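I opened this entry to keep track of what I looked up.

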Amino acid sequence: QNADPQKTAFLLRKAWTLYSVTPLHGFRRARLRDYARLLSASIAAEKQKGLAVEVGVELDIKVALSSLADLRGSELDEAALLVQLSSRSRASSSNSEDKLVWSGWFCSMFGDDLSENVPEHFTCLPLFLTHGAESYTSLVGSWFQKTFDCCFRRLAISPLNLSWMVAMWAGCKLDRAASAVELVFSVPRLSQPLDISYAIHPEDAKALWDTVQKTPGEITQEEVDVFMDCLYAHFHRHFKIHLSAAKLVKVSTAIASAHCDGIVKILHSQYLPGVLMLLTELAISQIQ
Amino acid sequence: HLATSLPLPSERDHLRPRIDLIVFMIDIKSKYSLKNVETSLAYVDASFFLGKVCFLVTGVGRVNACGIDTNAVCKLGETYCSPVLFCELELEGIRAATAQRLVRMLQICAGHIPGVSALSFVLLMRKSDDD
């Protein structure tokens, strides 16, 4: 399934904060305009209550809900749902452009594990990605929770999952010159926190992964372990530090980067479905 | 007695009392701790694996900090015919319960409980395999 790269270009090179979402009850795709209106009213009401998002600036928030028909894994997946909040300052002239202040999108990429076990009237879009102020995320999230009886949770990414990501992504073939593969570790139990950044030439990383992976298209835990052990051993040889005892907090490759707090940035449209599929899987396991 | 790895220093061999139970501690956040345990296992005499060894996995309360594959740990337990216990030391209740469990196991391994020996652990492990 290849989504039109032009339509999905806005997803790339942005830092998205990840959430898992339980299935939405009573969601109807035909009612997107109504939902947008209701959400807009809800945000305006919260502003009236004094939960001002921008202090001292008069802003009208316009809400737009749209479907991204091609952004799904299979026909069994629900199409992605995009929520965009734009502002137009009341002070400026009427033909000034709306400024996008927040975006969030729900998505399911091969999320059959969840959707096949769910009763009628439930819509499965387990992955929620946001970009913009936390205050808007909270407003949008609470409205969805109230309206569709669903539950949002921040999606944290464990060191184990981060190592899967770096092994997978470092092994991807890229035609142009790629950026370095970087792993960031945080060293625990020190009086002052210490971060170690380990950068590897992308060709070396890919060459290493190619010697480790036995079947193209398949990855096993053992292969990821061997890959990481090689990196740890190399580092230990030079610096006498056991990175395996530190906490892997962030991985960066030319394909995408991911942080343990559940923040990802996707850099390459070709691998967008692959990354989303992995994130959908993580979201589903957090829900179940 | 606590040790960061095996083998124990040979200088103190003559002062050391009999060892009844070895508990290998694996921190779920640290791949290094698993590797350390795997290396140390090579220094343990085979007779200990008749019920006098157990693996204790700590830090399981923090799922998001998981750095090792728990399947690998369970397989380690199967390979060495020894039980794998999971616990969270940061929670006082679980810490106390785990300590009690270990003391109970130690009493059996030291022969203080009449009618039950360390071999019983091995038989219990075997039974779950057959099921």
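**Entry 1: A:Leu12.** I began with the accessibility of A:Leu12. Its relative accessibility is 10%, and the cut-off for buried is under 20%, so A:Leu12 counts as buried. This is a value from a predicted model. I then looked up where A:Leu12 sits. A:Leu12 belongs to the loop that runs between helix 1 (5-8) and strand 1 (15-21) of chain A. Which residues does A:Leu12 contact, leaving aside neighbours within four places in sequence? I found A:Ile266, A:Leu267, A:His268 and A:Ser269. I also checked one C-alpha separation. A:Leu12 and A:Lys214 are 202 residues apart along the chain, and their C-alpha atoms are separated by 31 Å.

**Entry 2: domains.** I turned to the domain assignment of chain A. It gives domain 1 (5-154) and domain 2 (159-260). I noted 33 Å between the C-alpha centres of domain 1 and domain 2 of chain A.

**Entry 3: nonpolar cores.** I went to the largest nonpolar core next. It holds 58 residues. A:Trp105, A:Met165 and A:Leu183 have the most contacts inside this core. Which element gives the most to this core? It is helix 8 (residues 272-287) of chain A, with seven residues. Why does this core lie between domain 1 and domain 2 of chain A? Both domain 1 (5-154) and domain 2 (159-260) give residues to it, so the core lies between them.

Another core, of 28 residues, lies apart from the largest one. I listed A:Phe27, A:Leu65, A:Val83 and A:Val140 among its residues.

**Entry 4: cavity.** How many cavities of 30 Å³ or more are there? I count one. The largest cavity holds about 140 Å³ of space. Its lining has 15 residues. A:Pro159, A:Ser163, A:Tyr232, B:Lys31 and B:Gly67 lie nearest the centre of the cavity. I then sorted the lining by element. Helix 5 (159-170) and helix 7 (221-239) of chain A are the elements that give two or more residues to it. Helix 7 of chain A gives the most, with five residues. By class, I noted eight nonpolar, four polar and three charged residues in the lining of the largest cavity.

Methods. Residues are numbered from 1 along each chain as its sequence is written. Chains are lettered from A and ligands numbered from 1 in the order in which they are written. This is a predicted model: local features need pLDDT of at least 70, side-chain atom pairs count only at pLDDT 80 or more; totals for chains, interfaces and linings use all residues. Side-chain values use heavy atoms; hydrogens and water are left out. A nonpolar core is a set of buried Ala, Val, Leu, Ile, Met, Phe, Trp, Tyr and Cys residues joined through side-chain atoms within 4.5 Å. Buried means under 20% relative accessible area, exposed over 50%, partly exposed in between (1.4 Å probe, protein chains only). Helices (H or I, at least four residues) and strands (E, at least two) are DSSP runs, numbered from the N terminus. Domain bounds come from an automatic or database domain assignment. On a 1 Å grid over the protein atoms alone, a cavity is a set of points where a 1.4 Å probe fits but cannot get out, and a pocket is an open set with protein on both sides within 12 Å along at least five of seven lines; lining residues have an atom within 4 Å of a point. Grid points are joined across faces, edges and corners, and a volume is the space filled by probe spheres set on the points. Ala, Val, Leu, Ile, Met, Phe, Trp, Tyr, Cys and Pro count as nonpolar, Asp, Glu, Lys and Arg as charged, and the others, Gly among them, as polar. Contact means heavy atoms within 4.5 Å.
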